Amino acid sequence: MEDGKTEMREYKFLFDNDSQAAAKFFPEKRVITLAQAKVSTAASDAEIVARARELGAIIVTANGEDYEKEIKRFLQKSQRNDCYDLFGLVVIPNPAAIQERMLPGLGAKLRINEKAISWDDVWRENYLVRVHSDSTVDVRELGRCFYCKKLASE
Ligand SMILES: [Zn+2]
């Protein structure tokens, strides 16, 4: 089984159903819509998380709480000798007016522990980027899969 990160891949963004309109604020060549990903608009969060892993994509959604839960479940789920790491999550505010104000240039506002980071870091480290409607952005770790955590603790 390939691990995804050993391939010569670059980060992409997969847009959840509720966030397709926000795709225009992200670099066009990095955008994957659900249609391009061949995912049904009726797909569950779990299906979208699994597809994002296959595609090596950062998920963009306005439904942060459910996705955080689903990602935790996914990282825990596969308790065997395979890496099931994911590639990051971006939670955006829903109203279009706030998206218009907040999303352009979002990549330049990413900080973790006061250090500037890039989308590439978000993708490699499986970070959660949360864009708040009050114009603040915070970033934290979502963590590695069960297998990688086990390796690291041995
Ligand atoms: Zn892993």
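This is a predicted model: local features need pLDDT of at least 70, side-chain atom pairs count only at pLDDT 80 or more; totals for chains, interfaces and linings use all residues.
1. The protein atoms concerned are the SG atoms of Cys 83, Cys 145 and Cys 148 together with OD of Asp 85, at 2.2 to 2.5 Å from the zinc ion.

2. The geometry of the site is tetrahedral, because the four donor atoms subtend angles of 88 to 119 degrees around the zinc ion and the criterion requires all angles to lie between 85 and 135 degrees. For reference, the ideal angle for four tetrahedral donors is 109.5 degrees.

3. Cys 145 is buried, its relative accessible area being 1%. Cys 148, at 16%, also counts as buried, because the limit is under 20%.

4. Helix α1 spans residues 45-55, and its buried residues are Ile 48, Val 49, Ala 52 and Arg 53. Viewed down the helix axis, these residues fall within an arc of 140 degrees and therefore line one face of α1. An α-helix has 3.6 residues a turn, so residues three or four places apart point the same way.

5. The packing partners of the buried α1 residues are strands β1 (12-15) and β3 (57-61) and helix α2 (64-77). After α1 comes Gly 56, which has a positive phi, near 65 degrees.

6. As to confidence, the mean pLDDT of the chain is 90, and 93% of the residues score at least 70. Strand β4 (residues 89-91) has the highest confidence, at 98, whereas helix α5 (residues 146-153) has the lowest, with a mean of 88.

Notes. Residues are numbered from 1 along each chain as its sequence is written. Side-chain values use heavy atoms; hydrogens and water are left out. Buried means under 20% relative accessible area, exposed over 50%, partly exposed in between (1.4 Å probe, protein chains only). Helices (H or I, at least four residues) and strands (E, at least two) are DSSP runs, numbered from the N terminus. The arc is that of the directions from the helix axis to the C-beta atoms. Contact means heavy atoms within 4.5 Å. Donors are N, O and S atoms within 2.8 Å of the metal (3.2 Å for Na, K and Ca); water is not among the atoms, so sites may look incomplete. Four donors count as tetrahedral if all angles lie between 85 and 135 degrees; four count as square planar and six as octahedral if opposite donors are over 155 degrees apart and all others between 65 and 115; anything else is irregular. pLDDT is the predictor's confidence in each residue, from 0 to 100.
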